[in-house]
Amino acid sequence: MNCPKCGSNDVSVNTFQEDRGSITTSKTKSKYKEQGHGCLWWLTIGWWWWIVDLLSWIFLFFPRLILRLFSAPFKKKRYKGTSSTVSTTVNNLGYKTICTCQNCGHSWSK
């Protein structure tokens, strides 16, 4: 190999590893369900509350229907669940060859 500047054959060739950046991707997995009442609530209150609710639908159908239609959009639901995120990073590496003339000091990439 010859130097393009002085034409000498005394050329040193070095290869370097260079970092061209990294790419990070994230994936999120979520599992949520609507939270209901617990066992203690059903044992103490739920069994008779269900009967009262059913009887109020039977005897007070129209007032209950109007109340249900106008209050449903404002009712806040409770959700219970978990979410997990997995991130992966991939490094983009490249190799670069640099030639340096030992006589004149000129350097160039190959």
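Visitor: Which element of the chain has the lowest mean pLDDT, and which has the highest?

Guide: The lowest is α2, with a mean pLDDT of 84, and the highest is strand β3 (residues 107-109), at 87. Here pLDDT is the predictor's confidence in each residue, from 0 to 100, and helices (H or I, at least four residues) and strands (E, at least two) are DSSP runs numbered from the N terminus. The whole chain has a mean pLDDT of 84, with 98% of its residues at 70 or more. This is a predicted model, so local features need pLDDT of at least 70 and side-chain atom pairs 80 or more, while totals for chains, interfaces and linings use all residues. Residues are numbered from 1 along each chain as its sequence is written, and side-chain values use heavy atoms, without hydrogens or water.

Now for α2 itself. Helix α2 covers residues 61-71 and gives the most to the lining of the largest pocket, four residues. That pocket has a volume of about 390 Å³, and among its 13 lining residues the closest to its centre are E34, R68, K75, K76 and K77. By type, the lining splits into seven charged (Asp, Glu, Lys, Arg), two nonpolar (Ala, Val, Leu, Ile, Met, Phe, Trp, Tyr, Cys, Pro) and four polar (the others, Gly among them). A pocket is an open set of points on a 1 Å grid where a 1.4 Å probe fits, with protein on both sides within 12 Å along at least five of seven lines, and lining residues have an atom within 4 Å of a point. The volume is the space filled by probe spheres set on those points, which are joined across faces, edges and corners.

Next, a look at strand β1. I23 is exposed, at 56% relative accessible area (exposed is over 50%, buried under 20%, partly exposed in between, with a 1.4 Å probe and protein chains only). Beyond neighbours within four places in sequence, I23 contacts T88, T89 and V90, where contact means heavy atoms within 4.5 Å.

For contrast, S8 lies in the segment before β1 (11-34) and is buried, at 12%. S8 and Q102 are 94 residues apart in sequence but 8.4 Å apart in space, C-alpha to C-alpha.
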